[in-house]
Amino acid sequence: MDLPPFQRLLDEHRADLYRFCVAQVGPDHGPDCFQEAVVAALRAYPGLRRDENLRGWLFTIAHHKVLDHHRTSARRPVPTGVQPDGQPAVPAATLPDGDLWAAVGRLPTMQRGAIALRYLADLPYAEIAVRLGCSEAAARQNVRAGLAGLRPEVSR
Amino acid sequence: MTTPPTTDLEAALRTAPPDPAEVARAVWAAVERADAEGLVDVAWATVDSPLGPLLLAGTDAGLVKVGFGVEDAALEELAAHVSPRVLEAPQRLDEARRELDEYFAGRRQAFELPLDWRLSRGFRRTVLERLYAEVPFGRTVSYLELASKSGNPKASRAVGTAMATNPLPIVVPCHRVLRTGGALGGYGGGLDAKRHLLALEGALLV
């Protein structure tokens with residue numbers, strides 16, 4: 001089987017991929033992160049194995065771009081950087097009100113990553129653990145804690 | 001360790017859609033950058049024409065595909081036979097769009113844009129190249145004559161196949177190929193489209 005046109009992949013996943021980036025690095029840097037991910041994916045695409053899980057592959061690239069962003073902004077003393085206590089990098093006021101993914105943006109970094117990988121990338125816990133660099137149990141715990149953190153936000 | 005039950009919250013996380021205009025802007029920015037970095041191997045666009053929407057696709061070598069309507073299969077064909085790096089990048093088709101507009105407006109009789117012939121091979125390609133080079137605007141040719149021009153007078157059936165699989169209709173003028181005696185024969189874009197093109201060129205006696 002041939003690889004589908006990259007256009008199909010982008011059309012199918014672009015909304016979730018964009019949301020994934022914005023939820024993790026905030027509305028100011030989300031579009032850049034999305035752009036980096038799309039360009040990197042297109043560069044690597046022809047060499048991809050035909051039986052690769054395309055959605056998982058795409059979100060893995062986006063996740064790497066998120067990590068690159070966190071690393072770069074951790075080295076820079078920027079006002080929106082990740083706080084030492086694990087508080088969100090994104091000021092809540094800059095995201096649209098009433099938006100569920102804006103509430104995700106207010107979660108601590110690990111929970112935010114776990115929620116995005118679970119519900120946008122649709123990855124199993126074992127793969128979330130690999131990408132977050134933690135145990136599978138910790139991945140489950142971060143998803144559960146993230147959901148618990150979101151409940152009061154969405155029922156407000 | 002148990003999996004948390006699926007809740008309304010989880011369902012909402014899976015479906016909450018972002019603003020489509022914002023996503024579209026981000027996609028255009030990504031495509032523009034990918035194109036600047038030479039990563040868009042096949043650029044495509046749709047354009048309006050008197051025959052309805054046309055799909056145009058191009059590579060670095062030139063125009064590679066003209067399709068009637070927005071056929072889903074066209075992008076798959078390009079991915080399989082040219083490169084899977086296929087993206088909508090209309091600015092790359094500006095020249096093709098301009099020449100086609102001029103042709104349909106009656107201001108152009110020959111196309112000058114570079115063509116990428118790679119979707120056609122062997123005898124079919126020979127036939128299409130002869131047709132492109134030797135049957136100008138306003139003229140017609142029979143399948144049999146075109147077979148002779150292509151060096152194989154007995155191959156009029158193969159000429160028919162070459163016309164039916166022409167990747168560059170309108171530009172490579174398979175509409176100028178008629179049955180012996182002048183009957184229209186077939187056309188990938190439909191016989192109305194063939195009549196329209198022949199009338200535009202003054203080649204059809206009504």
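Q: Hi! How much of chain A is made up of buried residues?
A: Buried residues account for 44% of the 156 residues in chain A. Keep in mind that this is a predicted model.

Q: Thanks! And how many helices and strands does chain A have?
A: Chain A has six helices and zero strands. Read from the N terminus, its elements go α-α-α-α-α-α.

Q: What about contacts in chain A between residues at least 6 apart in sequence: what share joins residues at least 24 apart?
A: That share is 58%.

Q: Let's hop to chain B. Which residues of helix α7 are buried there?
A: In α7, which covers residues 156–164 of chain B, the buried ones are B:Val159, B:Ala162 and B:Met163.

Q: Where do they fall when you look down the axis of α7(B)?
A: They fall within an arc of 100°, so the buried residues line one face of the helix.

Q: And what do those buried residues of α7(B) pack against?
A: Against α5 (122–134), α6 (143–149) and β6 (177–178) of chain B.

Q: Where is B:Ile170, then? And is B:Ile170 buried or exposed?
A: B:Ile170 sits in the loop between α7 and β6 of chain B. B:Ile170 has 20 other C-beta atoms within 10 Å, so it is buried; the cut-off for buried is 20 or more.

Q: Back to chain A: what is phi of A:Asp122, and where is that residue?
A: Phi of A:Asp122 is near 60°, which is positive in a residue other than glycine. A:Asp122 lies in the loop between α4 (109–119) and α5 (125–132) of chain A. A:Asp122 has 14 C-beta neighbours inside 10 Å, so it counts as partly exposed.

How values were computed
Residues numbered from 1 in each chain as written. Chains lettered and ligands numbered in written order. Predicted model: local features only at pLDDT ≥ 70, side-chain atom pairs only at ≥ 80, totals over all residues. Helix = DSSP H or I, 4+ residues; strand = E, 2+ residues; numbered from the N terminus. Buried ≥ 20, exposed ≤ 12 C-beta atoms within 10 Å, placed from the backbone. Contact = placed C-beta atoms within 7 Å. Arc of directions from axis to C-beta.
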